[in-house]
Amino acid sequence: MTIVQRCHLVYPSAGRAVSVMMRKACDVSSATIYEVAARAGVSIKSVSRVLNSEPNVSAALKEKVDAAVAELGYRRNLSARSLAGASSSVIAALVDAALTIEHSRSGRGSDYLSRLQLGALLEVHAVDYHLMIEMVDHASARLRGELTALLSSIRPAGVILTPPNSDHQVVLDVLDEAGVPYARISPSRDPERGISVSMDERQAAADMTRHLIDLGHRRIGFITGPIAYGVSQRRLEGFLDAMHAAGLDAPAHAVATGDFTFDSGAAGLEKLLDARDATTAVFASNDDMALGALKAATARGRRVPDDLSIAGFDDTVSAVFSTPQLTTIRQPVGEMAAAATHRLVPALIRQLPEGEDPQRIVVPHALTIRQSTGPVAFE
């Protein structure tokens with residue numbers, strides 16, 4: 001079996017693309033489609049129909065071909081399919097280059113990306129498809145041409161769009177023009193475009209804010225994500241919803257702008273603690289920023305949660321291993337990636353429960369309470 005993961009990074013200054021291939025090779029079969037057809041006792045066209053998950057394939061034919069494929073260890077040749085002009089058996093996931101690179105350089109990695117990959121990989125593996133992760137630089141002046149060339153090169157069967165690609169006009173336009181199916185994770189606008197897979201970001205943020213209010217906190221600070229991400233706005237709106245519903249003020253100085261990075265969380269915490277009102281709780285709109293805020297609070301001699309409560313959003317692995325463990329919202333990234341993949345692969349689409357909307361999927365979130373939040377110590 002051969003597993004190939006390809007990351008495509010566009011450097012705008014150089015005007016070129018660099019591809020990184022990570023390959024784990026085991027025993028790779030040299031069996032051909034002709035041998036599969038001979039072993040199954042059917043035509044090559046019949047084998048192709050089964051392998052491409054075409055409709056109106058009988059159960060008996062599928063059983064014969066699947067058995068031959070298993071016996072011979074046959075693996076489809078992606079390059080040959082692309083050269084033939086058909087879409088490949090590849091699902092491509094487009095992620096934000098800038099944030100992914102920052103996570104890599106920081107040495108902390110990206111739990112979001114890891115969960116996204118695993119959720120999609122489990123689905124594609126079941127039907128002999130493949131997953132590619134492509135990093136997209138939205139600052140590139142040649143974004144349209146680069147994306148067009150990428151799609152022409154790999155001919156994906158479908159594309160998963162993570163924020164901010166989910167709402168990027170050029171990205172959506174290029175995919176529509178190319179006729180490539182796509183699933184948008186957490187989109188904020190144009191709901192009629194593509195498949196939508198989301199959680200209720202606004203409600204989740206309101207749930208966390210109410211948790212802090214229930215602990216007695218009245219002066220709660222909030223650290224936003226980058227403006228390019230629609231989820232950032234929805235999480236801020238959820239925070240404001242809960243504050244206003246409780247009759248509490250949320251002045252401008254109670255909101256700090258971050259960019260989903262550890263350092264911006266630390267800087268945001270500094271701003272909130274330096275504001276004229278003493279903040280007793282801070283809600284960061286992702287875990288990386290919450291962990292940055294936790295470090296900054298400790299550096300300033302604030303005990304968490306005795307002196308200051310800190311909450312995050314995502315429920316990454318780091319949230320469990322931090323000291324104290326982080327109260328956060330569990331964002332079902334893996335489940336959303338799996339749902340997106342399930343609706344891009346023909347064989348998987350046919351497995352959807354009857355009556356389920358294949359275009360609009362909402363995955364539930366969960367409030368995960370740990371040790372970083374506690375009752376207000378003073379007012």
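Q: Before we start, what are patches made of here?
A: Patches are made of residues with over 30% relative accessible area and no salt bridge, with nonpolar side chains joined within 5 Å. Note that this is a predicted model.

Q: OK, which residues make the nonpolar surface patch?
A: V317, V320 and F321 make a patch of about 300 Å².

Q: Where is V320 placed, then?
A: V320 lies in helix α13, residues 317-321.

Q: Is V320 buried, exposed or partly exposed?
A: V320 has a relative accessible area of 32%.

Q: Switching to α8. Which residues of that helix are buried?
A: In α8, residues 169-178, the buried ones are V171, L172, V174 and L175.

Q: How do they sit around the axis of α8?
A: They fall within an arc of 165° seen down the axis, so they line one face of the helix.

Q: And what covers them?
A: The cover includes β3 (90-96), α7 (143-154), β5 (158-161) and β6 (182-185).

Q: Now H253. Where is it found?
A: H253 is in the loop between α10 (230-245) and β9 (255-257). H253 is buried, because its relative accessible area is 19%, and the cut-off is under 20%.

Q: How far is H253 from D277?
A: They are 24 residues apart in sequence and 8.8 Å apart in space, C-alpha to C-alpha.

Q: What does the confidence look like?
A: The pLDDT averages 84, and 85% of the residues score at least 70. Over residues 1-29 the pLDDT is below 50. Where pLDDT is low, the predicted coordinates should not be read in detail.

Note on methods
Residues are numbered from 1 along each chain as its sequence is written. This is a predicted model: local features need pLDDT of at least 70, side-chain atom pairs count only at pLDDT 80 or more; totals for chains, interfaces and linings use all residues. Side-chain values use heavy atoms; hydrogens and water are left out. pLDDT is the predictor's confidence in each residue, from 0 to 100. Contact means heavy atoms within 4.5 Å. Helices (H or I, at least four residues) and strands (E, at least two) are DSSP runs, numbered from the N terminus. Buried means under 20% relative accessible area, exposed over 50%, partly exposed in between (1.4 Å probe, protein chains only). The arc is that of the directions from the helix axis to the C-beta atoms. Patches are made of residues with over 30% relative accessible area and no salt bridge: like charges are joined within 9 Å, nonpolar side chains (Val, Leu, Ile, Met, Phe, Trp, Tyr) within 5 Å. Accessible areas come from the Shrake-Rupley method with a 1.4 Å probe; for residues, only the protein chains shown count as cover. A salt bridge is a side-chain nitrogen of Lys or Arg within 4 Å of a carboxyl oxygen of Asp or Glu.
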